[in-house]
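Dear colleague,

Please read them with the structure open beside you.

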Amino acid sequence: MPAESNLLKKYTEGFAAFEEKLNGQSETSFHKVRNEALNKLAELQFPTVKNEEWKYTNVSGLVKNDFEHPLNIETVDIDAALIEKLRIDDVDSDILVVVNGSFNKELSVLSDYPDGIIVDSLANQIKNNSELTEKYLSKLTKIENGFNALNTAYSTDGVFIYVPDNKVIEKPLQVIFINGSSENEVISLPRNLIIAGKNSQVSIIANYVGYGEKEYFTNTITEVYSGANSVVDLYKVQNENENAYHIDKTEVYQNRDSVFSHYNMSFGGKLVRNDINSTLDDENITTNYYGLYLGSNKQHIDNHTFVNHAKPNCESNELYKGILDDQSRGVFNGKIWVEKDAQKTNAYQSNKTILLSKEASIDTKPQLEIYADDVKCSHGATIGHLDDQAYFYIRSRGVSPEIAKSMLIRAFIDDVVEEVKIDNLKEQLNHMIFEHLHRVEI
Amino acid sequence: MAEVRAEDFGSEEQAKAVEDLTTSEYKWGWETEIEQDTFPKGLNEDVVRGISRKKNEPEWMLEWRLKAYRHWLTMEEPKWPKVKYPEIDYQAYSYYSAPKEKPELESLDEVDPELLKTFEKLGIPLEEQKKLAGVAVDAVFDSVSVTTTFKETLAEKGIIFCSISEALQEHPELVKKYIGSVVPYTDNYFATLNSAVFSDGSFVYIPKGVRCPMELSTYFRINAMDTGQFERTLIIADEGSYVSYLEGCTAPMRDTNQLHAAVVELVTLDNAEIKYSTVQNWYPGDSEGKGGIYNFVTKRGACRGVNSKISWTQVETGSAVTWKYPGCILQGDNSVGEFYSVAVTNNHQQADTGTKMIHIGKNTKSTIISKGISAGRSDNSYRGLVKIGKKADNSRNFSQCDSMLMGSNCGAHTFPYIEVDNESAMVEHEATTSKVGEDQIFYLNQRGISTEDAVNMIVNGFCKEVFNELPMEFAVEAQKLLAISLEGSVG
């Protein structure tokens with residue numbers, strides 16, 4: 001494999017040149033982590049389909065490309081008008097802009113936050129060797145594959161959000177990740193760190209969008225620390241270009257009584273892989289995972305989730321729904337792990353997929369690994385097509401075929417969309433769903 | 001099944017129940033002293049040739065065995081199952097052992113009385129078999145078929161039911177046509193090993209339009225010290241035929257681990273049906289997990305014809321390590337595959353079992369019902385694959401995998417793989433994991449039923465869907481086995 005991977009070659013060899021461009025960041029304590037990650041990259045390399053976790057997702061086409069690091073290309077020219085276009089309409093939120101992995105303060109629109117709240121670029125925090133980055137950055141997650149290593153070694157920036165104990169950020173924070181370029185084939189490596197203190201609350205919308213016509217590769221990692229009794233909502237709306245590769249890892253560490261909800265809305269990208277992992281490391285924690293994946297044309301969308309119940313009396317709910325059209329391919333791999341001590345765990349997982357075309361396909365692998373006896377765990381997976389009887393019923397009421405199909409699609413995804421807590425976002429998601437599937441909106 | 005919050009009461013009795021379950025002794029442990037003609041330990045090409053010569057096999061069979069052996073040398077033992085066991089030294093086994101007097105008997109009187117006693121202990125009174133309606137027994141004592149009953153009755157219908165070595169002598173064309181056609185010699189590590197060194201097994205051929213008038217049954221019994229068993233079973237149901245086949249096993253107590261790598265191949269042609277039931281109760285090792293059987297089995301059926309059907313039912317209570325995925329390849333249009341399984345693990349037992357349903361033909365249907373019960377320090381995994389091919393229009397699958405945990409030192413795992421390439425398919429998978437409901441026990445206690453009986457009833461209820469699928473003769477034994485496994489408390 002390594003012989004064919006130009007990406008691996010470029011980035012295992014190009015570290016010295018990268019260090020020179022780092023502009024002082026190589027003096028920081030985080031730089032040691034980068035060096036370790038570089039070694040890991042050479043050791044782990046990029047996964048192949050022989051790796052059980054990548055069985056259904058072949059990245060050989062992706063790693064053949066030698067995407068350029070953003071430090072080596074002309075800065076992409078973005079203005080406020082474009083931001084206005086790219087932001088999700090009608091959603092009242094603060095705006096953070098990240099262009100090819102670099103935080104752009106000028107274009108960001110932030111409120112005045114109460115004392116102690118930090119909404120900043122991660123690079124700033126790394127540069128200042130802030131206590132928080134030293135404590136949490138790259139500590140919550142492990143490097144599991146070459147992509148994680150690549151991000152850790154070569155990422156320079158991203159967003160940093162810190163909500164101290166007993167504080168709340170009222171407005172949702174919308175982070176617009178703009179990736180790609182019209183000049184070069186680029187790799188975008190945003191690295192985000194979200195820390196929610198005790199009794200704090202924050203809601204984040206991560207909006208991934210594409211820029212330019214060239215192929216590009218977004219490889220992002222988000223680490224979330226959810227303190228005791230905190231409430232964290234993370235909405236991921238992925239609207240990359242159709243020529244994008246998108247690999248995302250989100251790692252969440254939850255403390256006592258916290259509630260973390262992840263909404264994974266996957267629309268764009270040619271090859272998409274999401275890894276969402278949670279560790280429930282104390283009692284009385286709730287974890288919610290909601291997901292929608294909509295495939296059209298030749299898209300390949302792979303969602304991996306892992307809920308680790310390490311302590312007793314916790315609950316996790318997972319609901320993933322997919323609609324696959326044309327020649328698109330879906331992969332779902334959900335794992336619930338219940339450790340020996342995690343008695344009285346309630347863990348539920350459900351994955352439902354509808355195939356709209358003959359060429360669409362889905363591979364699903366819901367897994368339970370349970371070492372405690374006093375638990376209630378279940379998973380369910382269904383795969384099917386639009387209900388013929390329901391369709392006939394609607395049609396017999398004089399509804400056109402297009403509308404009838406749209407109605408059934410809307411009904412199918414309803415229970416995921418309804419979980420979204422921001423009303424306007426719900427509306428916008430509805431638009432995106434029908435637009436992406438090229439169907440009549442209802 | 002109902003899921004409930006645990007309360008404090010009752011848990012002590014339950015703990016005791018689990019304890020009793022884990023300490024119940026293996027009933028069927030002893031060894032028969034019979035002279036054995038055994039090969040020295042070790043495996044090489046000469047051993048493969050030796051086995052073939054012993055059995056006076058045709059040349060092509062030997063060639064096939066050698067091809068398998070050479071391929072096996074290039075393979076690696078699979079490490080992906082969720083089981084742990086000490087490294088197997090394949091040179092430490094003897095690959096052939098047969099009772100010395102291979103009798104060609106007309107009546108049971110001529111059978112070695114020692115053997116008859118063994119069968120009696122096993123609960124197969126051969127002298128009563130003929131009176132017992134409906135069951136013909138091809139008893140495999142270690143590796144060679146010793147006696148076959150009811151052959152004449154079956155022969156009248158044109159049914160062939162004999163050992164595979166006999167079939168190689170008398171019906172080589174049938175064996176040649178079908179052997180390795182469902183499980184090729186390159187299939188997997190253990191199946192390949194089996195292909196090279198298989199000693200004996202059963203062969204069944206049901207001719208066109210014949211409904212086998214009785215349930216066919218083979219009892220396997222591992223007997224000689226340190227002899228791996230490599231059975232090979234081949235069942236062919238020709239157009240419009242039906243057969244129900246029973247397989248059951250017990251093994252004597254011993255200290256060194258025993259390897260068992262069987263291969264079972266089923267073929268159904270147009271409108272034919274095979275029902276294959278297994279009760280497996282090999283020695284699981286002592287309560288420390290020492291000395292049990294390694295059960296690495298490859299079972300697969302091919303529904304070649306239209307409207308054909310293959311149904312697997314298994315009750316797995318024995319073996320130290322079980323690694324077994326009976327599967328169905330649904331090639332013919334409208335063909336049906338079924339898998340019903342109860343797997344009980346206890347002490348240090350490990351089971352990684354499940355099924356594969358490969359839908360290729362149109363309108364194919366499959367059902368999977370799997371019940372796992374783990375107790376003691378055991379690990380019990382369901383691992384299954386449902387694959388709907390591109391051309392399998394309107395195919396349908398329903399899977400249900402339920403696990404029950406008894407005690408906090410065991411594990412229950414579910415690893416289903418679902419791959420769908422056809423939009424008209426409907427696939428459903430459900431899995432739950434829970435413990436014996438304490439409110440259920442409380443409810444039964446209230447009605448004057450002891451905790452022991454209550455747990456028994458609940459576990460039986462949990463497995464009922466599978467037991468219902470077993471043929472009458474077998475259902476009794478299966479329930480007995482479960483009762484032994486769960487004796488004193490949990491069943």
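**Between the chains**

In this model, which is a predicted one, the side chains of A:Glu369 and B:Lys82 meet in a salt bridge, with 3.0 Å from N to O. Salt bridges between chain B and chain A number two in total, and the rule also finds 18 residue pairs in polar contact across this interface, both residues of each pair being at pLDDT 80 or more. On the side of chain B that touches chain A, β23 (411–420) and β24 (426–435) of chain B each supply at least two residues, and by class that side is made up of 14 nonpolar, 12 polar and 12 charged residues.

As for the extent of the contact, 38 residues come from chain B and 39 residues from chain A, and the two chains bury about 3,200 Å² between them, of which 47% is on carbon and sulfur atoms. Strands take part in the pairing as well: β19 of chain A, residues 361–370, runs antiparallel to β23(B) and is joined to β23(B) over six bridges, with A:Thr364 standing opposite B:Ile418.

**Within the chains**

Over all chains the structure holds 41 salt bridges.

A:Glu52 is partly exposed, at a relative accessible area of 37%, while A:Lys365 is buried, with a value of 3%.

Another salt bridge is formed by the side chains of A:Asp257 and A:Arg256, at 2.5 Å from N to O, and here A:Arg256 is partly exposed, with a relative accessible area of 40%.

In chain B, B:Asp352 and B:Arg383 meet through their side chains in a salt bridge of 2.9 Å, N to O. B:Asp352 sits in strand β18 (residues 350–353) and B:Arg383 in strand β21 (residues 379–388) of chain B, so the pair ties together parts 31 residues apart in sequence; both B:Asp352 and B:Arg383 are buried.

Finally, A:Asp92, A:Asp94 and A:Lys171 are linked in a network of salt bridges.

Terms used
Residues are numbered from 1 along each chain as its sequence is written. Chains are lettered from A and ligands numbered from 1 in the order in which they are written. This is a predicted model: local features need pLDDT of at least 70, side-chain atom pairs count only at pLDDT 80 or more; totals for chains, interfaces and linings use all residues. Side-chain values use heavy atoms; hydrogens and water are left out. Contact means heavy atoms within 4.5 Å. Buried area is the accessible area (1.4 Å probe) that two parts lose on being put together, summed over both. A salt bridge is a side-chain nitrogen of Lys or Arg within 4 Å of a carboxyl oxygen of Asp or Glu. A polar contact is a pair of N or O atoms within 3.5 Å; within protein, one must be able to donate a hydrogen and the other to accept it, and residues adjacent in sequence count only if both atoms are side-chain atoms. Helices (H or I, at least four residues) and strands (E, at least two) are DSSP runs, numbered from the N terminus. Ala, Val, Leu, Ile, Met, Phe, Trp, Tyr, Cys and Pro count as nonpolar, Asp, Glu, Lys and Arg as charged, and the others, Gly among them, as polar. Two strands pair if DSSP finds at least two bridges between them. Buried means under 20% relative accessible area, exposed over 50%, partly exposed in between (1.4 Å probe, protein chains only).
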